[in-house]
Amino acid sequence: MSETVTLYRGMKDLPAEHVLAPGTAMCPGCGGLQALHEVQDLLGRDTVVVNAAGCMTLLANYPYTPLPGSWLYTSMASAPAGAQGVRDALDIQLAKGRIRADEDLRVVVLSGDGAAYGMGMSSTSGAIERGLDFLYLCYDNEGYGNTGQQSSPATPLGARTATELGPHGHAGAKKDLFAIWAAHRPAYLATIIGSEPLDLARKIEKARSLKGPRLIIALSPCPAGWDFDPQETVEIGHLAVKTGIWPLKEYVDGVVTHTRVPRPRLPVEEYLKCQGRYAHLFAPQRDETMLAAIQAKVDRYWDEVGHG
Ligand SMILES: Cc1ncc(C[n+]2csc(CCOP(=O)(O)OP(=O)(O)O)c2C)c(N)n1
Ligand code: SF4
Ligand SMILES: [Mg+2]
């Protein structure tokens, strides 16, 4: 008896009744998913997504992909190595004439901050060093969201997480992933947020037009991990930009440009006070020392980049 196995290239090849509505497995108001929706619309079908374990992994139900292109799942540490394998396979197919140039696919790593800022750093550094032609999209919800919002190397000062429930929240500072990538002199770097879709669209178009290692970091308001009402996602995104705690910027040819300079800059408290992860800074009494430290950090950043 013979059995026919059908290999699907992506959602576009699926019978309509099997197409999953993207986002059905995710928390309502997920800011990471909002950014991913916007980015996927711009990247289109000719894309292979290499996904490191995290919240977005829940989107895929084998053998179906949640995005219009293809989907490969890897361990947290190895998505850039997976991307190298996919890129090499495509290059071999091209060289052997098995696919035409117009059938080539774009290779995209999709990971959370735990993978991008931490566990996957070594394979990321190696991939950039080799000049791998890939786009790395990090949705940064500032913690290990999928496993209950434990602290990650992207958790900001003062935020409470499942592993830092003390009176002052997280004692460390958010790692500067943008600067770490910039030190490798990649082809392109940018920060985005789903609540600023025009800025996001321009940066994705720019990234699409370039070759080599490229990074996009999307701050991703996370109702479940940051403790806010899901309908506040867009407003919290706006406040992240208006208070200056999430600078929107890009890096091209060694030059960093800020694409939105918040003027006047709102006090950072406006952003902090709408999230339960910072509630301990306001009640039962205000933690003036920590609030001042967070504000000073934001002010120092903008002073240093000449927009104070
Ligand atoms: C080496 C390793 N340690 C722990 C886990 C369990 N784990 C799965 S997803 C996840 C959180 C990943 O965090 P992040 O990359 O920020 O993605 P998010 O869950 O926030 O989307 C963890 C710790 C794992 N898959 N591999
Ligand atoms: S935990 Fe946060 S990042 Fe993960 S799906 Fe829920 S809202 Fe999105
Ligand atoms: Mg995360």
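How many disulfides does the structure hold? I began with this point and noted that the model is a predicted one. The structure holds zero disulfides.

**Entry 1: cysteines**

I looked up Cys138, which is in no disulfide; the nearest cysteine sulfur belongs to Cys55 and lies 12 Å away. I recorded Cys138 as buried, because its relative accessible area is 0%. I then turned to Cys274, which is likewise in no disulfide, with the sulfur of Cys222 as the nearest cysteine sulfur at 14 Å. Cys274 is partly exposed, since its relative accessible area is 30%.

**Entry 2: ligand 2**

Which residues are around ligand 2? I listed Met26, Cys27, Cys30, Cys55, Asn141, Cys222, Pro223 and Ala224. By class, I found seven nonpolar residues in this shell, one polar residue and no charged residue. Cys55 and Cys222, both named in the first entry, are among the residues around this ligand.

**Entry 3: the magnesium ion**

I next examined ligand 3, a magnesium ion coordinated by Asp113 through OD, Asn141 through OD1 and Gly143 through O, at 2.0 to 2.2 Å. Along the sequence, I noted the spacing of these donor residues as D-x27-N-x1-G. Asp113 and Asn141 link distant parts of the chain, being 28 residues apart. Asp113 belongs to helix H3 (residues 113–119), whereas Asn141 is in the loop between strand S4 (134–140) and helix H5 (177–182).

**Entry 4: nonpolar cores**

How many residues has the largest nonpolar core? I recorded 52, and those with the most contacts inside this core are Phe134, Tyr136, Leu177, Trp181, Ile217, Tyr271 and Leu272. Helix H10 (residues 288–304) supplies the largest share of the core, five residues. Another core, of 27 residues, lies apart from the largest one; Leu59, Leu67, Leu110 and Ile204 are among its members. In soluble globular proteins, nonpolar side chains tend to be buried together.

Leaving aside residues up to four places away in sequence, Ile217 touches Tyr117, Cys138, Asp140, Leu177, Phe178, Ala190, Thr191, Ile192 and Trp246. Cys138, which I had recorded as buried, is thus one of the residues that Ile217 touches.

**Entry 5: backbone**

Most residues other than glycine have a negative phi, and most peptide bonds are trans. I therefore looked for exceptions to this general rule.

Which peptide bonds are cis? I found one from Arg263 to Pro264, with omega near -5°, and one from Ala283 to Pro284, with omega near 5°. Pro264 is in the loop between strand S8 (255–260) and helix H9 (269–272). Pro284 is placed in the loop between H9 and H10.

For phi, I noted a positive value near 60° at Glu142, a residue in the loop between S4 and H5. Glu142 is buried, since its relative accessible area is 5%. I noted another positive phi, near 50°, at Arg185. Arg185 lies in the loop between H5 and strand S5 (188–193). With a relative accessible area of 61%, Arg185 is exposed, whereas Glu142 is buried.

Conventions
Residues numbered from 1 in each chain as written. Chains lettered and ligands numbered in written order. Predicted model: local features only at pLDDT ≥ 70, side-chain atom pairs only at ≥ 80, totals over all residues. Heavy atoms only, no water. Near = heavy atom within 4 Å. Nonpolar A, V, L, I, M, F, W, Y, C, P; charged D, E, K, R; others polar. Donors = N, O, S within 2.8 Å, 3.2 Å for Na, K, Ca; no water. Helix = DSSP H or I, 4+ residues; strand = E, 2+ residues; numbered from the N terminus. Disulfide = S-S within 2.5 Å. Buried < 20%, exposed > 50% of the residue type's maximum accessible area, 1.4 Å probe, protein only. Core = buried A, V, L, I, M, F, W, Y, C linked by side-chain atoms within 4.5 Å. Contact = heavy atoms within 4.5 Å.
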